[in-house]
Amino acid sequence: MKKILPLFIVCLLVSVCHTTRAKNTELQNVDSGIDSVIVVGWFNKLDTLDYWIYDTQWVVDSNRTVQTANLSTNIRIEVTDSTAEGYTLQSTVVRTLCDTIPYSPSANAQTVITQRICSRIEGHTTYFETDEFGKITKFNKNKTKKQIKSLLKEGLKDIASDPEIAKISESGIDVEGIKKSIDIDKLADSYTENISILFRRHGTIYPTGETLEHKDGAPDDFDTDTYTYIEFDKEFGTYRILNQTTFSVPESITEAMYSIDGDGSYSDIDPGYSTTGIIELTYGSEYTPEGWPYNIIHKWSYIINYSGKIIDKHITLRYHSLKNNSPSPFRGYPVPAIY
C-alpha cells in the first residue's frame, strides 16, 4: 500500500472548520488561585537565550513505527533594544546537527547529506520586532526564507566536492536521488516557523482550568475532541498552556483512502479489516515568569488504517542570561512537563 498523501490529509482538515458542531463541554478548575494567565514578555535589552529545537519524524506502517529523520538546531535569541512600545530582537543559528539512524544505511546517508546542507545556515541572523507584550509585529518571513534557501542551495552544490559524500556514493547508495528528495523549501519554512512558534502565544489571555470539548461532524466528516489545560504555578511564577485536538476520521473516508492506495476497489478488504483513522494536533508550552518559553512541544500525527506519519517539534531552553541575573545553564523549573 502506498503512503498516504499529506496534502490530502490537510485538505480534509480544512473541511473540519466548516462542518463540526459542539456536543458537550466539561470544565474543571485547576487549584492555582489564579483565574487566568496572560502571556506577556517582560524582556530587557541584552537578554540572551539559547534554544535547542528538535525536529523528528516517524513513519508508521502496520503498527510499526520507524524513525526517518532527526534534525537539531541551536538558535540564540538576543534582545537588542527595549522600549515602552516593544522590543527589537535577533535570532542567530548557532549550530545544526542531524542524528544518525543506525538500522538504515540509506537513512544515514540522507542524514549526512542533510547535515552538510544545513550547516551552511550556521551564523545566519534574522531580525524581528515585537509589541510590548512580546507578540511579533515585524518579521519579513519571505526575505528570511529566500536567504535561508540561498544558503541551503549553496550547501547542496558543495556536496559534489565533499570527500565523505563521494565515499557514500561509491558504496552504491544513490546520492543524487537523496539530494533530489531533500525539500529545501520545507527546511527554510521550518526555520521561519521556529521563530513564530516561540512567540505565537504572546499577547493572549487564557482562563486557567481544564476543558474537554466534543464536536460531532457531519456523517462523512470528522468528529473532533479538543482538550485544553492552562495552569499557573504561584510558587515559581511559571505557567503552562496545552491544547490537544483529535480528529476521528469517518469510515467512509478511510475506505476511500484505502481505495486510492489500492486498485480502486474494496474487493480485497478482509472481512475483519478495520478502517480507522486518527489525526492529532498537540501544542503545549511552558513559560518563565519573564514570559520566555522554556519548553514547547508541537506535534502533528495522522494514522489511517494503521499507516501514517508523526511529526514532532520540541523546543527547549538550554541557557539564559537575563538582566540582573547571572548567566547560567537553564535547568528548568521543578514543575511537571507538559507532555
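Me: Which helix gives the most to the lining of the largest cavity?

Reply: Helix 6, with 4 residues. This is a predicted model: local features need pLDDT of at least 70, side-chain atom pairs count only at pLDDT 80 or more, and totals for chains, interfaces and linings use all residues. Numbering starts from 1 along each chain as its sequence is written, and side-chain values use heavy atoms, leaving out hydrogens and water.

Me: What else supplies at least two residues there?

Reply: Strand 4 and helix 3 do, along with helix 6. Helices are DSSP runs of H or I with at least four residues, strands are E runs with at least two, and both are numbered from the N terminus.

Me: And what's the volume of the largest cavity?

Reply: About 120 Å³. A cavity is a set of points on a 1 Å grid over the protein atoms alone where a 1.4 Å probe fits but can't get out; a pocket is an open set with protein on both sides within 12 Å along at least five of seven lines, and lining residues have an atom within 4 Å of a point. The count of cavities of 30 Å³ or more is 1.

Me: Which residues line the largest cavity?

Reply: Among them are Asp55, Thr73, Ile148, Leu152, Ser190 and Asn194. By class the lining has 7 nonpolar, 4 polar and 1 charged residues. Here Ala, Val, Leu, Ile, Met, Phe, Trp, Tyr, Cys and Pro count as nonpolar, Asp, Glu, Lys and Arg as charged, and the others, Gly among them, as polar.

Me: OK, how much space lies in the largest pocket?

Reply: About 1,300 Å³. It's lined by 38 residues, with Asp55, Gln57, Lys186, Ser190 and Ile311 nearest the pocket's centre. The lining divides into 13 nonpolar, 13 polar and 12 charged residues.

Me: Where does the largest share of that pocket's lining come from?

Reply: From helix 6 (184-199), which gives 5 residues. Others that supply at least two include strand 3 (48-61), helix 2 (105-118) and strand 14 (307-321).

Me: Back to helix 3. Which of its residues are buried?

Reply: Thr144, Ile148, Leu151, Leu152 and Gly155. Buried means under 20% relative accessible area, exposed over 50%, and partly exposed in between, using a 1.4 Å probe and protein chains only. Seen down the helix 3 axis, the buried residues fall within an arc of 100°, so they line one face.

Me: What's on the face turned away from the buried side?

Reply: The exposed residues Asn142, Lys146 and Lys157. Lys149, also in helix 3, counts as partly exposed at 22% relative accessibility. Its C-alpha is 9.1 Å from that of Asp189, 40 residues apart along the chain.

Me: Switching topic: is Asn295 buried or exposed?

Reply: Buried, because its relative accessibility is 9%. Asn295 is found in strand 13 (residues 293-304), and a polar contact of 2.8 Å joins its side chain to that of His314. For a polar contact, two N or O atoms lie within 3.5 Å; within protein, one must be able to donate a hydrogen and the other to accept it, and residues adjacent in sequence count only if both atoms are side-chain atoms.

Me: And which residue caps the N-terminal end of helix 4?

Reply: Asp162, with a side-chain oxygen 2.9 Å from the backbone nitrogen of Glu164. After helix 4 comes Gly172, with a positive phi near 105°.

Definitions and conventions:
Points joined across faces, edges and corners; volume = space filled by probe spheres on them. Arc of directions from axis to C-beta.
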